[in-house]
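User: I would like to go through how the labels in this structure are assigned. Please set each value against its cut-off.

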Amino acid sequence: PDRKKMKYEQNGKITTVAILGGGPAASTLATLLAREGIRVALLHQPRHAALLVGESLVPAIIPLLRRLGVEEEVRAYAKYKPGAIFNMNEFGDYPFTFKDFCGPLPDYAYNVPRLKFEATLLAAAQRAGARVFEMEAKVERVGTTDKVGLTRETLAATDNFFDGPPDLIVDATGRARVLPKLLGIPSREGGRKDTALFAHLDRTELYKDGYVHSSRLDHGWSWRIPLPGRVSLGIVIGSAHPPKFGATPEERYDNLLKQDSVLRVATAGAKRLTPVLEYTNYQLVSERLVGDGWVLVGDTAGFIDPVFSSGLLIGITSATALIDAIRAGDAPAFQAYEAGVIHH
C-alpha cells in the first residue's frame with residue numbers, strides 16, 4: 001500500500017474523541033476539547049507509582065495553567081519557584097531568577113507533587129464535561145491498514161458513550177506507547193545512554209529555597225527539586241556506572257548519596273522517604289505522530305531528558321497544538337501538528 005496515502009486519512013469535522021491515558025497531556029486536551037463541545041472521554045487506569053518524574057515546572061506553563069483554570073489550586077499545594085541554580089563545583093555556583101530572563105512570561109513557576117498535579121488536571125477535564133472511564137482501553141488494527149479502532153468490548157464498557165466508533169483516537173499513554181507498538185511505528189533515540197535514579201528525601205542542603213538545583217557530580221549530574229515537606233533528588237549518570245554501586249535501584253541510589261563527593265555533603269543526615277525509580281531511556285521521538293483516525297500526543301509522541309524541566313512543557317503544549325488540528329479536521333492541519341511536535 002501507498003504509505004503516503006495511508007498516513008493522513010482524517011478529514012472532516014471531528015465530534016467524538018477517545019483519549020487513551022490520563023496524564024497531563026491527556027487531561028489538557030480533554031479539557032480544551034470539551035469546552036468546544038466535542039464529546040470526549042479519557043480511558044485510563046489510575047497510576048499506582050509512588051512518584052513520577054516531572055515535578056519542576058517552568059514559567060511558560062503558567063499561562064497554560066491559567067487557561068485551564070487551575071493555577072490557584074496548584075499554588076495551594078505547590079512550592080513557589082522563583083529561579084534555578086547551577087552548582088558547578090570548583091567552577092562556582094550560578095543562580096538566576098526567572099524575572100531576569102522571562103520577558104513577557106510570568107517571572108515564577110512551581111515545583112509540584114506530580115501525582116497531585118495530575119489529579120488536578122484530570123478533575124479540570126471532568127468539570128469541563130469530559131468523561132473518565134477507569135479501564136484499560138484495548139485497541140486493534142483494522143486488517144493490514146493504518147487504521148485502528150477500540151475493540152467491541154472497550155466500546156461496550158463505555159456504555160456506548162460515543163454512539164459508535166469515535167472519530168479520533170488519541171494515544172496519550174506516555175511511555176506505554178500503545179499505538180506505536182501496535183502499528184510498529186519506528187522511533188529515534190537520543191545519543192546519550194544515561195541512567196536516571198530518583199527518589200524523595202526529607203531534606204537536603206539548598207542554597208536558595210524554592211530554586212531547582214542542578215549540580216555537577218563526580219559522575220554525571222543531579223537535580224534537587226524542593227517540594228512541600230521534602231526534596232526530590234535525581235541522579236543522572238552514565239549507564240556503565242550504576243552497577244558499581246549496587247544490584248538494586250535502592251542500593252545504587254543510597255550508595256551514590258554516601259560516596260559521591262557532592263551528594264554526601266548535600267544529603268548529610270537526610271532520610272529517603274520513597275522507593276527509588278530508575279529510567280534508562282528518556283530521549284525518544286516517534287517518526288510518525290498521525291495516521292488514519294489516530295494521533296499521538298505527549299510522551300507517546302516523544303520525550304526528552306529532564307534538564308531544564310522541558311518535558312511537561314512539551315507534553316502540555318503538544319496537547320494545545322493538537323486542538324487546532326482537531327478543530328480543522330483535515331490532513332494539512334494534522335501534518336502541521338506532526339511537524340511542530342517533532343521539531344520541539
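Predicted model: local features only at pLDDT ≥ 70, side-chain atom pairs only at ≥ 80, totals over all residues.

User: What parts does the pair of tyrosine 80 and tyrosine 108 tie together?

Analyst: Tyrosine 80 belongs to strand β3 (residues 79-81), while tyrosine 108 is in the loop between β5 and β6 (109-111), so the pair ties together parts 28 residues apart in sequence.

User: What makes the pair of tyrosine 108 and tyrosine 110 stacked or edge-to-face?

Analyst: Planes over 60 degrees apart count as edge-to-face. The planes of tyrosine 108 and tyrosine 110 are at 70 degrees and the ring centres are 5.6 Å apart, so the pair is edge-to-face.

User: How do you know whether tyrosine 108 is buried or exposed?

Analyst: Buried means under 20% relative accessible area. Tyrosine 108 has 10%, so it is buried. Tyrosine 110 has 1%, so it is buried. Tyrosine 80 has 44% relative accessibility and therefore counts as partly exposed, since that label covers the range between 20% and 50%.

User: What makes the charged end of arginine 175 count as sitting over the ring of phenylalanine 303?

Analyst: The distance part of the rule asks for CZ of Arg within 6 Å of the ring centre. The charged end of arginine 175 is 4.2 Å from the centre of the phenylalanine 303 ring. Lysine 208 lies over the face of tyrosine 211, at 5.5 Å from the ring centre.

User: Why do β5 and β16 stand at the edges of the sheet?

Analyst: The open sheet has seven strands in the order β5-β4-β13-β14-β15-β12-β16, with mixed pairing. β5 (93-97) and β16 (277-279) each have a single partner strand, so one side of each lacks a neighbour in the sheet. Neighbouring strands here are turned by 15 degrees against each other on average, direction ignored.

User: How do you know that β12 and β16 pair?

Analyst: Pairing requires at least two bridges. Three bridges join strand β12 (residues 194-201) to β16, and the two run antiparallel. Phenylalanine 198 has leucine 277 in β16 as its bridge partner.

User: Which strands does helix α8 lie across?

Analyst: Helix α8 (residues 249-259) lies across β12, β15 (230-238) and β16, and runs at about 80 degrees to β12.

Methods:
Residues numbered from 1 in each chain as written. Heavy atoms only, no water. Helix = DSSP H or I, 4+ residues; strand = E, 2+ residues; numbered from the N terminus. Axes fitted to C-alpha atoms, helices over the stretch in contact; angles between N-to-C directions. Contact = heavy atoms within 4.5 Å. Buried < 20%, exposed > 50% of the residue type's maximum accessible area, 1.4 Å probe, protein only. Phe/Tyr/Trp six-rings, centres within 6.5 Å; stacked < 30°, edge-to-face > 60°. Lys NZ or Arg CZ within 6 Å of the ring centre and 35° of its normal.
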